[in-house]
Amino acid sequence: MKKIGAADDDLDKFLDLVLKNTVVTFQKDLSSSKVSPVDDGRLRSNWFASVGTNDATTDSLNAPQTDADQLPLDWRKQNNLVNNLPYAERLAFGNYAVNKDPNWFRNYFNTNGQKVVDGAVKKSEGMI
């Protein structure tokens, strides 16, 4: 049994793992054609994870990012999952999706958001 003094370190490690597992799953999901609308695949290739701001874009088609796997996430810092394409916000919130329900982004988070976080908590529990 661990001493109560070790709880701070374990809690920090646990929260970092929950955050990392959550961001990795959101990035993977949003990079899939199952979730994101696909015309040429550029939208789903531009979901970047970052600590702080990130203005990256890529011209790659159907090459989803996996940078969340390597990102040193810290629950005490601002962590982002961004898509900086000029039309990404319009597709996510402006009802312009061509081959998806116009509310695909909201629907994904309303339906799956809590499940992703719950799954990240369960996965993280066994890692500390």
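Predicted model: local features only at pLDDT ≥ 70, side-chain atom pairs only at ≥ 80, totals over all residues.
## Overall fold

The chain contains three helices and two strands, arranged along the sequence in the pattern α-β-β-α-α. Its C-alpha atoms occupy a box of roughly 55 × 30 × 20 Å along the principal axes.

The chain has 128 residues, of which 38% count as buried. Among contacts in the chain with a separation of 6 or more, 63% are between residues 24 or more positions apart.

## Confidence

The mean pLDDT of the chain is 89, and 94% of the residues reach 70 or more. Confidence is lowest in α2, where the mean is 90, and highest in α3, where the mean is 94.

## Nonpolar cores

The largest nonpolar core is made of 14 residues. L30, V35, L43, W47, W104, F105 and Y108 have the most contacts inside this core. Two or more residues come from each of α1 (7–30), α2 (88–93) and α3 (104–125). The most is given by α3, which supplies four residues. Nonpolar side chains tend to be buried together in soluble globular proteins.

Y108 is one of the residues with the most contacts inside the largest core. Leaving aside neighbours within four places in sequence, Y108 is in contact with T25, F26, D29, L30, V35, G113 and V116. Another core, of five residues, lies apart from the largest one, and V23, A49, L71 and L73 are among its members.

## S124 in helix α3

S124 belongs to helix α3. This serine counts as buried because its relative accessible area is 0%, which is under the 20% cut-off. Beyond the neighbours within four places in sequence, S124 is in contact with F14, L17, V18 and N21.

## Largest pocket

The largest pocket has a volume of about 170 Å³. Its lining includes the run P37, V38, D39, D40, G41, R42 and L43. By class, the lining of the largest pocket divides into seven nonpolar, two polar and three charged residues.

Methods: Residues numbered from 1 in each chain as written. Heavy atoms only, no water. Core = buried A, V, L, I, M, F, W, Y, C linked by side-chain atoms within 4.5 Å. Buried < 20%, exposed > 50% of the residue type's maximum accessible area, 1.4 Å probe, protein only. Contact = heavy atoms within 4.5 Å. 1 Å grid on protein atoms, 1.4 Å probe; cavity = no way out; pocket = protein on both sides within 12 Å on 5 of 7 lines; lining within 4 Å. Points joined across faces, edges and corners; volume = space filled by probe spheres on them. Nonpolar A, V, L, I, M, F, W, Y, C, P; charged D, E, K, R; others polar. pLDDT = per-residue confidence, 0-100.
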